[in-house]
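Visitor: Please take me through this model, feature by feature. Start with a contact list, then widen the view.

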Amino acid sequence: MFFHVKELQFEAKPDRPDPVYAKRLQELLGGKFGEMTVMMSYLFQGWNSRGPEKYRDMLLDIGTEEIAHVEMLSVMISRLLDKAPVKEQEDAAKIPVIGAALGGGNPSDVIFASMNPQHEIVNGQGADAKDSMGVPWSGAFATASGNLMADFRWNLMAESQGNLQVSRLYEMTEDQGIRKMLSFNLARDIMHQNQWQAAIEELQADGLHQFQVPSPFPFDRVNLEQAYTCWNCSTGTASQEGQWASGPTPDGNGEFVYLADPKPLSNDIGELDQADPRLHGTPKQPMPPMSSGPNPISGQDIPKNVKKSAVTSGGQM
Ligand SMILES: [Fe+2]
């Protein structure tokens, strides 16, 4: 059961309307790494979790908090769309970062071009489940694999990407109300990065997973000769200068081996056999036409300039 508390987790009060910024802020709401993506990911990871209860509970704690972040951003976007006098926008366009991003020129022209018309037409001065370019949020952005190690790493990545975008949006406004809320978002996403890293370590401490995914998985089924080789697949050897190329591997089971001039491990050039002719792909050599099954229009007149070999029914399968 979910229970809605009327108060926002943190206030979402901009100093003044700013529909151009409202469009940008949609990225944090409905973008690939926005609040909707982490909300749905963590909730589904929690609902799908079959591991110890503490993980499920923590996932649903954070997933539920993310609902509150979606709510805060939606309210902020709606308030940024309030009234929205053009004068305010012209002032905003004078802020160097925004002005440069708007492309300069006549402020009122670029302002109208920079607003999201759907905020008015479709949403009636409200937020939408889309990113800053109007691309609809997709369930394909969410991740819930049933493997908590794989999921927690994904979560750490998503919080990193998402918070990077928060920091960029922070730089794009001088509105103190927006910055106040984004300061809170930055803090929570830093906390969540810490929680996912701690959870990754906890899975190992609990013996549920080792470093690698998949685990547990029998090591004797892994090609161990290639488990720790670093393939230099470009010119030069700059990639050798890192702890991913020499020394012990993070899983504690091996040593990195740098292959400065790697060679293929096979003679297989990937040549493929002929596909089923009924798929009508490109054959290796010229082939007669073929089809299978009955032809309900057989006996029709064929234009004289069509070669007989292109018509023959001898190729029927
Ligand atoms: Fe969040």
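**From one residue to the whole chain**

Guide: Leaving aside its neighbours within four places in sequence, Met 39 is in contact with Gly 63, Glu 66, Ile 67 and Val 70. Contact here means that two C-beta atoms, placed from the backbone, lie within 7 Å. Two ground rules apply. Residues are numbered from 1 along each chain as its sequence is written. This is a predicted model: local features need pLDDT of at least 70, side-chain atom pairs count only at pLDDT 80 or more, and totals for chains, interfaces and linings use all residues.

Visitor: How many helices and strands does the chain have?

Guide: Elements are DSSP runs numbered from the N terminus: helices are H or I with at least four residues, strands are E with at least two. The chain has nine helices and two strands. Along the sequence the pattern reads α-α-α-α-α-α-α-α-α-β-β.

Visitor: What end-to-end span should helix H3 have?

Guide: The expected span is 1.5 Å times one less than the number of residues. H3 covers residues 53-80, 28 residues, so it should span 40 Å; its end C-alpha atoms are 41 Å apart, which agrees.

Visitor: Which residues of H3 are buried?

Guide: Count other C-beta atoms within 10 Å of a residue's own, with C-beta placed from the backbone: 20 or more is buried, 12 or fewer exposed, in between partly exposed. The buried residues of H3 include Tyr 55, Leu 59, Glu 66, His 69, Leu 73 and Ile 77. Their cover includes helices H1 (19-30), H2 (35-48), H8 (148-171) and H9 (176-205). Over the chain, 25% of the 317 residues count as buried.

Visitor: Which residues touch the most other members of the largest nonpolar core?

Guide: In soluble globular proteins, nonpolar side chains tend to be buried together. A nonpolar core is a set of buried Ala, Val, Leu, Ile, Met, Phe, Trp, Tyr and Cys residues joined through C-beta atoms within 7 Å. The largest one has 39 residues; Leu 25, Leu 29, Met 39, Leu 73, Met 76, Ile 77 and Leu 80 touch the most other members. Two or more residues each come from H1, H2, H3, H6 (107-114), H8 and H9. H3 gives the most, nine residues.

Visitor: Now the backbone. Where is the cis peptide bond that involves Pro 214?

Guide: Most residues other than glycine have a negative phi, and most peptide bonds are trans. A cis bond joins Val 213 and Pro 214, with omega about 0 degrees. Another cis bond joins Ser 215 and Pro 216, again with omega about 0 degrees. Pro 214 is in the loop between H9 and strand E1 (229-231). Pro 216 lies in that loop too.

Visitor: What radius of gyration does the chain have?

Guide: Take the radius over C-alpha atoms; the globule rule is 2.2 Å times the number of residues to the power 0.38. A compact globule of 317 residues would be near 20 Å, but the chain has 29 Å. The C-alpha trace spans about 80 × 65 × 50 Å along its principal axes.
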